Amino acid sequence: MKKFFIWPVLAIVYAGAIFYGSSIPAPDLPPVVGMISDKILHVMENAGFAFLLHQTFSRQPRWYAISQNAILLAVFIAMVYGATDEFHQSFVPGRSTELNDWIADTVGAVVGVVFSLVATAFMRKRSSRQQAQ
């Protein structure tokens, strides 16, 4: 049961970090942010969030419907959070709301879930090999 609880905590902390980063006015952003395309940053940011969400939902021990729909839930929640993040940025000095940023967030959500599926399959295969020995 302890392993299950780490994933939602990480997802919530990660969402908080996204909110915090989105609250930084443009002039105060770290210089490294300007060196990387903001679309790449959106993809990476939301991929991490969707990965954590998928891990949370796919490991849901009590509600079968949640674990069976983990892919859809993770992508949907990451997409909605990306949209609210874009809206939030419209109130931050020097930041703006862009549809293309939300699209990058959505792509990141799909990438994160795919990575989560691959990582989970790898870990299961590795675990089964170790048990077979």
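Trainee: What percentage of the 133 residues in the chain is buried?
Mentor: The model is predicted: local features need pLDDT of at least 70 and side-chain atom pairs count only at pLDDT 80 or more, while totals for chains, interfaces and linings use all residues. Residues are numbered from 1 along each chain as its sequence is written, and side-chain values use heavy atoms, with hydrogens and water left out. Buried means under 20% relative accessible area, exposed over 50%, and partly exposed in between, with a 1.4 Å probe and protein chains only. Among the 133 residues of the chain, the buried share is 32%.

Trainee: How many helices and strands are there in the chain?
Mentor: Both are DSSP runs numbered from the N terminus: a helix is H or I over at least four residues, and a strand is E over at least two. Along the sequence the pattern reads α-α-α-α-α-α. The count is six helices and zero strands.

Trainee: What share of the contacts in the chain with a separation of 6 or more is between residues 24 or more positions apart?
Mentor: A contact means heavy atoms within 4.5 Å. Among contacts with a separation of 6 or more, residues 24 or more positions apart account for 76%.

Trainee: Which residues have the most contacts inside the largest nonpolar core?
Mentor: A nonpolar core is a set of buried Ala, Val, Leu, Ile, Met, Phe, Trp, Tyr and Cys residues joined through side-chain atoms within 4.5 Å. In soluble globular proteins, nonpolar side chains tend to be buried together. The largest core here has 16 residues, and those with the most contacts inside it are Phe49, Leu53 and Ala78.

Trainee: Which helix gives the largest share of this core?
Mentor: At least two core residues come from each of α1 (2-22), α3 (38-58), α5 (70-89) and α6 (99-132). The largest share is six residues, and the helix that gives them is α3.

Trainee: Which residues does Leu53 touch, not counting residues up to four places away in sequence?
Mentor: Leu53 is one of the buried residues of α3, and others include Phe49, Ala50 and Phe57. Beyond four places in sequence, Leu53 touches Ala11, Ala74, Ile77 and Ala78.

Trainee: How far does α3 reach from its first C-alpha to its last?
Mentor: The expected span of a helix is 1.5 Å times one less than its number of residues. With 21 residues, α3 is expected to reach 30 Å, and its reach in the model is close to that, at 30 Å.

Trainee: What distance separates the C-alpha atoms of Ala47 and Gly108?
Mentor: Ala47 is found in α3 and counts as buried because its relative accessible area is 14%. Apart from neighbours within four places in sequence, Ala47 is in contact with Gly108, Ala109, Val111 and Gly112. Ala47 and Gly108 are 61 residues apart along the chain, yet their C-alpha atoms are separated by 4.3 Å.

Trainee: Why does Ser22 count as buried?
Mentor: Ser22 belongs to α1. Leaving aside neighbours within four places in sequence, Ser22 is in contact with Asp85, His88, Gln89, Val92 and Arg95. Ser22 counts as buried because its relative accessibility is 2%.

Trainee: Which residues does Gln89 touch, not counting residues up to four places away in sequence?
Mentor: Gln89 lies in α5 and is buried, with a relative accessible area of 4%. Setting aside residues up to four places away, Gln89 touches Ser22, His42, Arg95 and Ser96.

Trainee: What volume does the largest pocket have?
Mentor: On a 1 Å grid over the protein atoms alone, a pocket is an open set of points where a 1.4 Å probe fits, with protein on both sides within 12 Å along at least five of seven lines; lining residues have an atom within 4 Å of a point. Grid points are joined across faces, edges and corners, and a volume is the space filled by probe spheres set on the points. For the largest pocket the volume is about 500 Å³.

Trainee: Which residues lie nearest the centre of the largest pocket?
Mentor: Its lining takes two or more residues from each of α1, α3 and α5, and the largest share, five residues, comes from α1. Of the 21 lining residues, those nearest the centre are Leu29, Val33, Leu41, Glu45 and Arg95.

Trainee: Which helix gives the largest share of the lining of the second largest pocket?
Mentor: This pocket holds about 220 Å³ of space. Eleven residues line it, and Gln55, Arg59, Thr120, Ala121 and Arg124 are the closest to its centre. At least two lining residues come from each of α3 and α6. The largest share, six residues, comes from α6.
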